[in-house]
Amino acid sequence: MNFDNIRLDKGLYTTGKSFTEALESIDPSENYIGTELEGLDAFQRQLKRFDIKVSGKNSDPIEKFFRTSDSATLFPEYISRSVAQGIEKTDILDSIVATTTKIEGLDYRSVATESSDSAYEPSVVAEGAFIPETKIVTKDKLVSLHKCGRLLSASYEAIRFQRIDLFTVALRQIGAGIARAQLADAIDVLLNGDGNNNYAKLVTRSGDTICYADLINIWNALSPYDLTTLIASPDIMTSLLALPEFRDSYKGLDFHATGKMITPLGAELFKTDSLHVGAIIGLDKTCALEKVEAMPVTTEFDKLIDRQLERASITTIAGFSKIFDESAVRMEF
């Protein structure tokens, strides 16, 4: 166990790994199993080494990061983690993304399936008969990746005496903004496809306003996929919650207690401004969308370590790809 003696410098941000991964290679967490430090990762052990408290009413002022050159190296990673917390807290992508693929570089082609018959048509293959074939092929178009982020602009003198816990609140809001931008990108891919002619099929509506029969139509149109998730624009959400079927189902749900809504069909229901007025999407979250991450939340470390916070960037690069074309449908009003 040598976490007290590790020399920290900017080089840990330039290894091709994340800062924590680089630290873990020097100071593996497995060495602390059965000790009081078990459960902490390499970054958290460094916070403990320098006695930096980042949360709670007794959190330290920001200047404590800069007491030594070694502890200053931790500041960009603290910012990246706080922003990532904001993304996770407000992000509904976990409820619509089937898998996340991390890549190195900016060029990525996902895969698609081509079937000689209906890929999900149940059948019994007689002896000597043709076995239906499913091919997995590379898509024609690259996944479009987008950079999302913010510039952090503040003088060291202005924030040095602020509590870290308070600063974390502001950083989480940056993360929330990034999450909304990524969600808008994901919604666009679900609706319009990823450039490979795989837009969401339009389901016929019953009338001018949404009714329970429309949800049944969406559920039926997704077959043989399962309807696990519904994403609605704010106006459609308002109409849904006014339906008798939703009002009568409140007793069996935790909507009043938590604000989380599940439809009478058992699908999770989300509201988002990223979806245009009068639209609702139904999807099977287990196979509808792939998130492609080229760069996790990354903070411009040089300026921050040198206490030059003016215009230090916080960015992430990601994109989305449809996995199975018919695993998402839409309805318009």
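The legends below describe close-up views of a predicted model.

**View 1. The largest pocket and the residues that line it.** The largest pocket of the predicted model has a volume of about 1200 Å³, and its lining is made up of 36 residues. Ser-18, Lys-102, Glu-293, Pro-296 and Val-297 are the lining residues that lie nearest the centre of this pocket. Two or more lining residues come from each of helix 1 (19–26), helix 4 (75–90), strand 1 (99–102) and strand 10 (289–299). By class, the lining of the largest pocket comprises 13 nonpolar, 12 polar and 11 charged residues.

**View 2. The packing of helix 1 against helix 2.** Helix 1 packs with helix 2, which spans residues 42–49, at an angle of about 80°, and the two axes are 8 Å apart. Because angles of 65 to 115 degrees count as roughly perpendicular, helix 1 and helix 2 are described as roughly perpendicular to each other. On the side of helix 1 the contact involves Phe-19, Thr-20, Leu-23 and Glu-24, which meet Ala-42, Phe-43, Arg-45 and Gln-46 of helix 2. The residues of this contact divide into four nonpolar, two polar and two charged.

**View 3. The crossing of helix 4 and helix 6.** Helix 4 and helix 6, the latter covering residues 164–192, pack at an angle of about 55° with their axes 6 Å apart, and the two helices are therefore oblique to each other. The crossing in which helix 4 passes helix 6 is right-handed. Helix 4 contributes to the contact Phe-75, Tyr-78, Ile-79, Ser-82, Val-83, Gln-85, Gly-86, Ile-87 and Thr-90, while the residues of helix 6 that take part include Ile-164, Phe-167, Thr-168, Leu-171 and Arg-172, together with Ile-174, Gly-175, Ala-176, Ile-178 and Ala-179. Sorted by class, the contact of helix 4 with helix 6 holds 12 nonpolar residues, six polar residues and one charged residue.

**View 4. The cis peptide bond from Ser-223 to Pro-224.** Most peptide bonds are trans. The bond that leads from Ser-223 to Pro-224 is cis in the predicted model, with omega near 15°. Pro-224 is found in the loop that lies between helix 7 (212–221) and strand 6 (229–232).

**View 5. The backbone at Asp-51, with its positive phi.** Most residues other than glycine have a negative phi. Asp-51, although not a glycine, has a positive phi of about 55°. Asp-51 is placed in the loop between helix 2 and helix 3 (69–72).

Terms used:
Residues are numbered from 1 along each chain as its sequence is written. This is a predicted model: local features need pLDDT of at least 70, side-chain atom pairs count only at pLDDT 80 or more; totals for chains, interfaces and linings use all residues. Side-chain values use heavy atoms; hydrogens and water are left out. On a 1 Å grid over the protein atoms alone, a cavity is a set of points where a 1.4 Å probe fits but cannot get out, and a pocket is an open set with protein on both sides within 12 Å along at least five of seven lines; lining residues have an atom within 4 Å of a point. Grid points are joined across faces, edges and corners, and a volume is the space filled by probe spheres set on the points. Helices (H or I, at least four residues) and strands (E, at least two) are DSSP runs, numbered from the N terminus. Ala, Val, Leu, Ile, Met, Phe, Trp, Tyr, Cys and Pro count as nonpolar, Asp, Glu, Lys and Arg as charged, and the others, Gly among them, as polar. Axes are lines fitted to C-alpha atoms, for helices over the stretch in contact, and angles run from 0 to 180 degrees between N-to-C directions. Angles under 35 degrees count as roughly parallel, over 145 as roughly antiparallel, 65 to 115 as roughly perpendicular and the rest as oblique. Contact means heavy atoms within 4.5 Å. A crossing is left-handed if the near helix is turned anticlockwise from the far one by less than a right angle, and right-handed if clockwise.
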